[in-house]
Amino acid sequence: LGGAAVPVIHLCRLFGLPGEVPGLYTPLLLVSGRLGPLAFLVDEVTDLLSLDPKALLPVRESQVFNNCVEAEVDLGDRTLHLLSPERLLLEEERQRVAALQEAAQERLKVLAGLRQ
């Protein structure tokens, strides 16, 4: 992404769920934050919402793995769970992803040097 290696996390695999084999048009959700740029591979994107912070409902701690669900939103016909990108990975997983990202970035630098 703009010359930077961006790690991609397959959410189905992360949660141990069966998932589609990624294809050319498989959506990626790009997030930025404390972990830097990170992309999540998802099966589909059905909607994009702007939410009023007052609509966020608290979630009891210890109800989900690593407290990765920050809040819930009740939309009437369905309930959405808002995931925290920072809490989706365990510390060891974050370290491994960072190491792989560094290696990929070095490979990109080498490739860029070969093109000049």
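Biologist: What makes this an open sheet, and in which order do the three strands stand?

Modeller: The model is predicted, so local features need pLDDT of at least 70 and side-chain atom pairs 80 or more, while totals for chains, interfaces and linings use all residues. Residues are numbered from 1 along each chain as its sequence is written, and side-chain values use heavy atoms, with hydrogens and water left out. Now the sheet. The order is S1-S3-S2, with mixed pairing. Strand S1 (8–10) and strand S2 (28–31) stand at the edges with a single partner strand each, so one side of each has no neighbour in the sheet. From one strand to the next, the twist averages 25 degrees. That angle is taken between axes, lines fitted to C-alpha atoms (for helices, over the stretch in contact), on a scale from 0 to 180 degrees between N-to-C directions.

Biologist: How do you know that S1 and S3 pair?

Modeller: Two strands pair if DSSP finds at least two bridges between them. Three bridges join S1 to strand S3 (residues 38–41), and they run parallel. The strands themselves are DSSP runs (E, at least two residues), as helices are (H or I, at least four), numbered from the N terminus. Within this pair, valine 8 has alanine 39 as its bridge partner in S3. Histidine 10 stands opposite leucine 41 in S3.

Biologist: And what makes S2 and S3 a pair?

Modeller: Four bridges join them, and they run antiparallel. Valine 31 stands opposite leucine 38 in S3. The hairpin of S2 and S3 has six residues between the strands, and glycine 36 there takes a positive phi near 85 degrees.

Biologist: What holds paired strands together in general?

Modeller: Backbone hydrogen bonds, in either the parallel or the antiparallel sense.

Biologist: Why is histidine 10 called buried?

Modeller: Buried means under 20% relative accessible area, exposed means over 50%, and partly exposed lies in between (1.4 Å probe, protein chains only). Histidine 10 has 12%, so it counts as buried. Its place is in strand S1. Leaving aside neighbours within four places in sequence, histidine 10 is in contact (heavy atoms within 4.5 Å) with Glu20, Pro22 and Leu41.

Biologist: Which way do the residues of S3 point?

Modeller: Leu38 and Phe40 point one way, Ala39 and Leu41 the other, and all are buried.

Biologist: What makes leucine 11 buried?

Modeller: A relative accessible area of 15%, which is under the cut-off, so the label holds. Leucine 11 lies in helix H1. Not counting residues up to four places away, leucine 11 touches Phe40, Leu41, Val42 and Leu88.

Biologist: How do you know that S4 and S5 pair?

Modeller: Strand S4 (residues 69–74) and S5 share five bridges in the antiparallel sense. Valine 73 has leucine 80 as its bridge partner in S5. S4 and S5 form a hairpin with four residues between them, and glycine 76 in the turn has a positive phi of about 90 degrees.

Biologist: Why is serine 84 called buried?

Modeller: Serine 84 has a relative accessible area of 1%, so it is buried. Serine 84 is found in the loop between S5 and H2. Beyond its neighbours within four places in sequence, serine 84 is in contact with Cys68 and Glu70.

Biologist: What lines the largest pocket?

Modeller: The lining has 25 residues, of which Leu29, Val42, His81, Leu82 and Leu83 lie nearest the centre. S5 gives the most, with four residues. By class, 18 are nonpolar, three polar and four charged.

Notes
1 Å grid on protein atoms, 1.4 Å probe; cavity = no way out; pocket = protein on both sides within 12 Å on 5 of 7 lines; lining within 4 Å. Nonpolar A, V, L, I, M, F, W, Y, C, P; charged D, E, K, R; others polar.
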